[in-house]
Amino acid sequence: MDKKHIVIIGLGGVGGYFGFKISQNNETNKQNKISFIARTKTYETVKKRGLTLLSSEHENSITNPDAIYQNISEIKNPNLVFICVKEYDLENICSQLSKVITKDTVLLPMMNGADIYDRIRKIIPNNIILPSCLYVASHIKEKGIVEHKGKAGQLILGKDPENPSENIDWILNLIEKSGINFDFKDNAQIDIWTKFIFIASFGLVTAKHNSSIGDVCSVKLQKEEATKIMIEIKSIADKKDIHLQDDIIQKTFEKALTFPWETPTSLQLDVNSGKENNELELFAGAIINYGKEININTPFSEKIYLEIKATHNKV
């Protein structure tokens with residue numbers, strides 16, 4: 001089998017966890033070339049000491065990729081690119097990628113959000129893009145060191161809706177051999193939107209009130225606000241022929257109750273710490289844009305979007 005060039009862009013909680021598994025597996029069999037792309041401090045740490053993953057899943061907590069770069073422009077002939085960046089970096093990363101990929105490069109975004117596939121497709125119109133969503137409790141402990149807690153991370157991915165007959169068995173084989181818990185579906189959109197309805201509603205309401213997941217489940221006003229957002233998202237999904245469960249709203253609150261009461265959301269933390277970039281566009285922006293595109297009114301998402309923007313500008 002030909003050696004493939006696998007590239008992981010971004011070594012945060014997600015890229016660090018999944019990239020570690022892919023790289024460490026490859027260290028034993030050397031079937032492929034694994035390259036990491038990381039920013040300054042992370043790049044320096046990983047180049048010197050390797051990438052560290054603190055996880056009960058791995059006795060050996062360090063992996064050394066075949067190559068690590070700071071710039072996408074340094075990549076040559078990638079066969080598969082895992083895009084593991086923050087939503088607000090996506091367009092910039094894709095513009096850079098468009099200059100180095102070949103017609104056969106497959107892109108696999110490891111990002112949660114309903115519009116990720118569409119946004120990549122606009123910039124990179126002709127390649128295979130595999131829609132996905134993921135569940136993993138991992139975060140950067142310090143640059144080049146990722147900590148994972150709880151159960152094994154899970155990747156759910158599907159066929160490219162525009163190229164459904166493309167054979168991607170070699171990618172599924174790579175993911176499986178890397179010890180990644182994954183689920184492959186012909187159509188991953190239901191999973192992507194099921195995840196989105198949870199992260200968008202809870203992200204937006206906790207960001208507005210600087211509250212926790214537990215508060216959204218129990219404070220009457222916050223629960224009502226989250227419900228209104230979920231109703232708008234479900235209306236969009238319905239019109240796009242993405243058939244979420246009829247009781248998706250109830251199920252989403254049930255899921256939220258499985259988290260510790262005080263659990264924050266990343267949008268809440270970013271907005272209320274005054275961080276320059278946050279994922280407001282990933283949640284409210286996507287709802288509003290899809291609503292306009294397919295003529296679904298999203299008044300509540302628009303209202304909370306403006307309220308959070310006003311708060312953020314004050315912080």
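Predicted model: local features only at pLDDT ≥ 70, side-chain atom pairs only at ≥ 80, totals over all residues.
Let me start with the loop between α1 (13–29) and β2 (33–37), where Lys30 is found; helices here are DSSP runs of H or I with at least four residues, strands are runs of E with at least two, and both are numbered from the N terminus. Lys30 is not a glycine, and yet its phi is positive, at about 50°. At 41% relative accessibility, Lys30 counts as partly exposed, where buried means under 20% relative accessible area, exposed means over 50%, and partly exposed lies in between, with a 1.4 Å probe and protein chains only.

Residues are numbered from 1 along each chain as its sequence is written, and side-chain values use heavy atoms, with hydrogens and water left out.

Asn210, in the loop between α6 and α7 (213–218), also calls for a comment: its phi is near 50°, a positive value in a residue other than glycine. Asn210 counts as partly exposed, at 45% relative accessibility.

Now to helix α5, residues 169–177, whose buried residues are Ile171, Leu172, Leu174 and Ile175. Why do these residues lie on the same side of α5? They do so because they cover an arc of only 160° around the axis, the arc being that of the directions from the helix axis to the C-beta atoms. The face of α5 turned away from this buried side carries the exposed residues Asp169 and Glu176. What covers the buried residues includes β1 (5–9), β6 (80–83), β7 (106–109), β12 (154–158) and β13 (181–185), with contact meaning heavy atoms within 4.5 Å. Just after α5, Gly179 takes a positive phi of about 75°.

Turning to the aromatic residues, the structure holds 7 aromatic pairs; rings of Phe, Tyr and Trp (its six-membered ring) pair if their centres lie within 6.5 Å, and planes under 30 degrees apart count as stacked, over 60 as edge-to-face and the rest as tilted. One of these pairs is formed by Tyr17 and Phe18, edge-to-face at 4.9 Å centre to centre with 90° between the planes, and both Tyr17 and Phe18 are buried. Phe196 and Phe283 form a tilted pair, 6.5 Å centre to centre and with 55° between the planes. Because Phe196 lies in helix α6 (residues 189–209) and Phe283 in helix α11 (residues 280–294), this pair ties together parts that are 87 residues apart in sequence. Phe196 is buried, with a relative accessible area of 1%, and Phe283 counts as buried at 4% relative accessibility. Ring pairs link Trp193, Phe196, Phe283 and Tyr290 into a cluster.

Finally, the packing of helices. α6 and helix α8 (residues 220–239) pack at an angle of about 145°, with their axes 9 Å apart; axes are lines fitted to C-alpha atoms, for helices over the stretch in contact, and angles run from 0 to 180 degrees between N-to-C directions. Among the residues that meet there are Trp193, Phe196 and Ile197 in α6, and Leu221, Ile229 and Ile233 in α8. The axes of helix α3 (residues 90–97) and helix α4 (residues 116–123) come within 9 Å and cross at roughly 40°. Here Leu90, Glu91, Cys94 and Ser95 in α3 meet Ile116, Arg119, Ile120 and Ile123 in α4.
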